[in-house]
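Thanks for asking me to look this one over. Here are my notes, written for reading alongside the model.

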Amino acid sequence: MSEKALQYLTDNRDQLLTKLNEFLSIPSVSTDSIHKEDVRKAASFLEDYLTEIGFENIQQIETQKHPIVYAEYMEAGPEAPTVLLYGHYDVQPVDPIELWKSDPFKPEIRDGRLYARGSSDDKGQVFMHLAVFEALMKTTGKLPLNVKVCLEGEEEIGSENLYSMLQEKKELFEADFAVISDSGMVAKNQPTILYGLKGFTGIEITVTGPDHDLHSGMYGGAVRNPIMALSHILSSMKNEEEVVTVEGFYDGVEDLTEEERKLMEQVPGEDFVKATGIPETVSEKGYTPKEHTMARPTFEVNGIYGGYQGEGTKTIIPTSATAKITCRLVPGQDPVDIQQALEAHVKKVAPKGVTVEVKKEKLSAKAYKVEPNHPLIEKAAKSYTKAFGKETVYVRMGGSIPVVEWIEDIYQMPIVLLGFGTPDDRLHSPNESFPLDSFDKGMETLVYYWNEVNKL
């Protein structure tokens, strides 16, 4: 079965790339209302392609904004496993357009890469799955397992309506496991199992002093400066050893095992100094930068503002100051508990003479982790290695994909993150691209994987 499907993909590569280019040419920018009909057009493209492949019960499930494309293939029978395939067909805005070397919605191949908005995130990776399903259906007349497809049009705007839809139509999306290809590999042609994601939460702190800016000469020494007060609060929340000093922040966090440390040590690491221009790395005491990035919680001040920002000097005591804070979480940390701990700490250390308001970030997610030796993960690693000709490495990612936590929360099913992007893809930036090596070897991986999981 695999050999025939792989030959089909080779023989029809040009036609498949042409079809992918048609998909990429649709400016399905979900955040901009000007492109509302373009987002709908992309959904219709998927609906038509799924029909052509041979899926059934194909529908566009309406939401308050953009539709979810659903389809299913249930002909493999009740004994075969059922997979829920998740992806998204919306893309980021292209700004700043002047930095693109080619039209972001006129795909172009240069130096072995396909350049277009969405080529890596996530249209290209979604298309690879559909192309593999086409190859299997065209060569064998069937798929080796049952498949439910969930492709949304709101991922780039926070999946505003997905969670409620997954709850409302729980039976429709029910499956034995889920596969998501909205991630990448640690290096080009380096097969990578992503077995963990960090959670996410945050707060915004606003410190208010006088009801208007004051002359610093007339009032300095009598009125507390909100920027200084905010600085005291922030400096009390994490020490110089990168250890968060908020009470309860590490409650429930498990220490890294020696086995996991060895897995992380084997992963090709980014040269942080070279890549970022910093003089040296810093990480939590007792952990390497790689370990901290992958598997330890973080606390970051993302922005701080208040007072005079213009050229020269303006001698004032400003009326207020604000800081935006986000935390990446690991298994054992609950976003709600972390927000409450942060708020309690802020109120505890808030200086006299000012009022302090804490606003909690609405978009939060728990961390996700699956055991590296899970059978579904082992088969994914085997398929990766067979296609790419390299041993697969195992990583936990510092980023967050909220839908992963939602699927686990609602369905309690294992989730396999099969990503084929690379660090050079420039996601969300001008000149986004996707390596054709990833396109070819990624589809080969998927052919092997679907046939492997059928044996479970």
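1. A word on the basis. This is a predicted model, in which local features need pLDDT of at least 70 and side-chain atom pairs count only at pLDDT 80 or more, while totals for chains, interfaces and linings use all residues. Residues are numbered from 1 along each chain as its sequence is written, and side-chain values use heavy atoms, with hydrogens and water left out.

2. Buried here means under 20% relative accessible area, exposed over 50%, and partly exposed in between, with a 1.4 Å probe and protein chains only.

3. Leaving aside residues up to four places away in sequence, what does Trp 450 touch? Its contacts (heavy atoms within 4.5 Å) are Val 83, His 129, Val 132, Phe 133, Leu 136, Pro 144, Leu 145, Phe 177 and Val 179.

4. Salt bridges. With a salt bridge taken as a side-chain nitrogen of Lys or Arg within 4 Å of a carboxyl oxygen of Asp or Glu, the count is 19. One of them joins Glu 62 to Arg 40, with the closest N and O atoms 2.7 Å apart. Glu 62 sits in the loop between strand S1 (56-61) and strand S2 (68-73), and Arg 40 in helix H3 (residues 36-53), so to speak distant parts of the chain, 22 residues apart. Glu 62 is partly exposed at 43% relative accessible area, and Arg 40 is partly exposed at 28%.

5. Two loop-to-loop pairs. Glu 241 and Lys 285 form a salt bridge, their closest N and O atoms being 3.8 Å apart. This pair links the loop between helix H8 (226-235) and helix H9 (258-265) with the loop between helix H10 (272-276) and helix H11 (289-295), 44 residues apart. Glu 241 is partly exposed at 40%, whereas Lys 285 is exposed at 56%. Asp 334 and Lys 366 also meet in a salt bridge (3.6 Å, N to O). Asp 334 lies between strand S13 (320-329) and helix H12 (335-349), and Lys 366 between strand S14 (355-360) and strand S15 (368-369), so the pair ties together parts 32 residues apart in sequence.

6. A network. Salt bridges link Glu 260, Lys 369 and Arg 396.

7. The sheet. Four strands form an open antiparallel sheet in the order S11-S13-S9-S14, where strands pair if DSSP finds at least two bridges between them. Strand S11 (298-305) and S14 each have a single partner, so one side of each is left without a neighbour in the sheet. S11 and S13 pair over 7 bridges, and Glu 300 stands opposite Thr 326 in S13.
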